[in-house]
Amino acid sequence: MAPKKKEKEEPKPAAPKPPEPEPPKEPEFDPKEVQIEFTAEQIEDFKDAFQLFDRTPTNEMKITYAQCGDLIRALGQNPTNAEIMHVLGKPKAEDMQSKMLDFDAFLPMHQHICKAKDRGSFEDFVEGLRVFDKEGNGTVMGAELRHVLATLGEKMKEEELEQLMAGQEDANGCINYEAFVKHIMAS
Amino acid sequence: MHALVSLCYTPLAMKAAVLIQRWYRQYVARVEMRRRYTWNIFQSMEYAGEQDQIKLYNFLGYLMDNFTPSSTERNLISHIFRENEVCRDAEWERYFSYENIDVPEIYSGPRLTFPLTVSQVADLVEAFKNKQQLHSRYVLQLLLEAWKLLRILPNVNRVSTCQSKEITICGDLHGQLEDLLFIFYKNGMPSLETPYVFNGDFVDRGKDSIEILLILFAFLLVYPGDVHLNRGNHEDHIINLRYGFTKEVLGKYKLHGKRILKLLQKIFSWIPLATIIDQRVLIVHGGISNTTDLALLMRIDRHRYVSALRPPKKKSPLSGGQSSVDSEFDNDSVSNLSVYNKRRSSVAHGNNLFGPRDSFQRRSLQDFSAVVNRMAAEEEQEVKQRQTGAGLHQTGFMHPHHRDLNSSIASQSDHIDAVDVDDEEWKQILDLLWSDPMSQNGCLSNELRGGGCYWGPDVTEDFLNRHNLQLIIRSHECKQEGYEFCHNRKVLTIFSASNYYEVGSNRGAYIRLGPDLVPYFIQYQASDMTRELSLKQSVGRTERSALKALREQLFVHKTDLISAFQEYDKDNTGLISLNDWATAVGAVLHLDVPWRMLRSQLISLSPDNMLDYQSWFKELAIKEPNVECVEQTILETLYRHRSTLETIFRIVDTDNSGTISFEDFRQTWKLLATYLKMEISDEAISDLLVSIDSNNDGNIDIEEFMEAFRLVDRNRLERGRSVFVPRDKPLDDES
């Protein structure tokens, strides 16, 4: 599903901030407040995908909390982990594998994520990587990118980084980031 | 890294990092989604494909029911039911003799001498690694030696961990020699220090089944106390006709292949049924049922059960002709649409997916026509009379119950009221070799596979308690990661054939089990190609393969699909909505696949989400130019029952020459057509013949015939290219 059009955001003033992004100061997520704007066709599509993730023995149309983020992403959104936790109602770590949600509970969560602004586009992504292009030549150092992604923001793990970078670095350990972005977005 | 440190605190850098991370996680989720539905497609089709087996047996049963012994049609097929002409073992050994087979000077492969030594076996493995073939003389000799050994083994191997440190357990190998070689490389070859259990399904599907068998038997001969084999459902000569092993052997051993196969037919029945480790862990190929009784299993004569065809059941033969295979499903398709929307979980569902069963005259492997074996028994009786006259006595092959059967049959009675012990024994074996676990409690018969059960966690619990066991290790089902636990970690599936569906589709795995009886897993993907493919590429490749197979299925059901679409399109607009398309396709194909999700790969919709289904079909596939004269419904039938047809041809081809005569071809088609309640004129059959007989010698080459009717994708057919599309065309150029 194509991401919604982003709105250009002003770069924030350069005030030093801690490495972790602060969670948005929103009130708790209330599914009842969410207005479902999906079409019937879209909802059918979501059901199809939901079923694919349903691992219950009797196909009860339920997924675990842990799967919720994956499903939303598989449907074309790209929320942060924090946003996912927010719509799930900030569950405890041990709940993630044990608590289940059904399709009706899932739908407002998905709608909320879909409505969120600033989803990011190809250009945003390229801009994001350009930050690390010290020489301004269209490439970033693979090692540097790994380091950044492992230490900043919603840190990525070793295996995730391996997967991301597989076959992307050239002989000098550089990545042409426009090609890289195309590769990621071409799924 | 001074520059880097300052970057860490730039909000822009952080925003960039978060953005990348978000996008990456989306990418991964989408790839995972594609992987899942691709897996889903392959599994659905594999299970659906196994239905073909049932169709085959049904067809054969139909023949038996409806043709008198003298009729030519039945003689075409009946010979496979003749249960190893009754005679002494000594006569068998003469038949399988290898001594008169000369090995030419130029043969550069291993020359085995018996008793085998370890270094000879190592050389054998090396030879196979170098793609050499073992000469048929040595094949027969090795098999005979193996047979002698297998005959004295008990039904259940007993193994202990105290003598050696750890036992290695391998699952299905399915002729994939690469995987076995990899296991040996990583884990060491079988030896006194490295005992192995091989849990069945050594053959079929892959292309090096005979080599795997020879290696396993060779190791069994040199390390009889440290190599243990369990029989799988594919160690069965009739299954082999269908799934490729027969073809492989006949292809590799043109002169002596038939003899080798006949010997293997017997050897398979002598392979033990299960292995128990330390009296605590049961290893068996399929699984169990709620009636599995180990004590009984240890007592039976396992070698009497040569194939999934079993001794007669005491029922009156099915009245009238059997309904056509296809109509079995049609009646329920509309009324059970909701059922088809259920998704398969990783553990096979046990629910009644195909609607009420009592309305079908469905035959499972357990329920074969009484007439089949009555006929076989009649022949046996003849032979027996001959032999009694000649003063020979029978060994092993005539169970007391068979004799009783003969006498009652001689009196033309179809009803046998006494409890048939063979029945129960046969069910025990079928359950061991064919069953699958399910998540729900209970025990249902396994309609999908046609044999064995689906068994639930309660059955596992009860079984383990009753027999004082703690774990069941089984195989039989392909698993993404090569292994999978279920039933509260009391059942473990181990599958050793990596890339089973397609390169990159799954890993294989094997188990190491020490005295603590805690399983450790080693996973692998034995292919040079997979190392070079990124996750996305490997998913992409598997996905393309799955979709290709799916398109083929759509094509072969075109006639039924159009009828189904027309139900939704009463105004005859030629258009159908997406929803209706998905529902109709699911109902007709009986494939539990996420059709809506796949739509972008399969169809193109108009802006208002409608599909022009007629032009869709035109785009879907093209017939080979030669076969345009062949009518659509015949073509579809041919595709749909392709594997059954091929199997039947191979059965008809009694001398295993790879060809059958026009007349036999014609007869077979007429039979199939009658059975399927399909009209096929003599002209139509002639059309088929004309389109394929390139030699004009009055014989049909089976391979050529099957090849000519392979589906070709319009996009891939170029002008002037050869009519025959090679089977292993690489899937690289598709976007």
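Predicted model: local features only at pLDDT ≥ 70, side-chain atom pairs only at ≥ 80, totals over all residues.
**Entry 1: confidence**

I began with the scores. The predictor assigns the complex an ipTM of 0.80 and a pTM of 0.69.

**Entry 2: strands around β12 of chain B**

I next looked up strand β12 of chain B, residues 491–494. B:Val491 and B:Thr493 point one way, B:Leu492 and B:Ile494 point the other way, and all are buried. In a regular strand, side chains alternate between the two faces of the sheet.

Which strands pair with β12(B)? Strand β10 of chain B, residues 471–474, runs parallel to β12(B) and is joined to it by 3 bridges. Here B:Arg474 stands opposite B:Thr493. Strand β11 of chain B, residues 483–486, pairs with β12(B) in the antiparallel sense over 4 bridges. B:Cys486 has B:Val491 as its bridge partner. The hairpin of β11(B) and β12(B) has 4 residues between the strands, and in it B:His487 takes a positive phi near 50°. I also found the charged end of B:Arg489 over the ring of B:Phe485, 3.9 Å from its centre.

**Entry 3: an open sheet in chain B**

I then traced a sheet of 3 strands in chain B, open and of mixed pairing, in the order β7-β9-β8. Its edge strands are β7 (436–437) and β8 (443–445), each pairing on one side only. β7(B) pairs with β9(B), residues 453–455, in the parallel sense over 2 bridges. B:Pro437 stands opposite B:Trp455 in β9(B).

**Entry 4: aromatic rings**

My search of the whole structure gave 23 aromatic pairs over all chains. The ring centres of A:Phe38 and A:Phe46 are 4.7 Å apart with the planes at 80°, so I recorded the pair as edge-to-face. Both A:Phe38 and A:Phe46 are buried.

The rings of B:Trp581 and B:Trp616 are also edge-to-face, because their centres are 6.0 Å apart and their planes stand at 80°. B:Trp581 lies in helix α22 and B:Trp616 in helix α24 of chain B, so the pair ties together parts 35 residues apart in sequence. B:Trp581 is buried at 0% relative accessibility, and B:Trp616 is buried at 6%. B:Phe565, B:Trp581, B:Trp595, B:Tyr613 and B:Trp616 form one aromatic cluster.

Key
Residues numbered from 1 in each chain as written. Chains lettered and ligands numbered in written order. Heavy atoms only, no water. Buried < 20%, exposed > 50% of the residue type's maximum accessible area, 1.4 Å probe, protein only. Pairing = 2+ DSSP bridges. Phe/Tyr/Trp six-rings, centres within 6.5 Å; stacked < 30°, edge-to-face > 60°. Lys NZ or Arg CZ within 6 Å of the ring centre and 35° of its normal.
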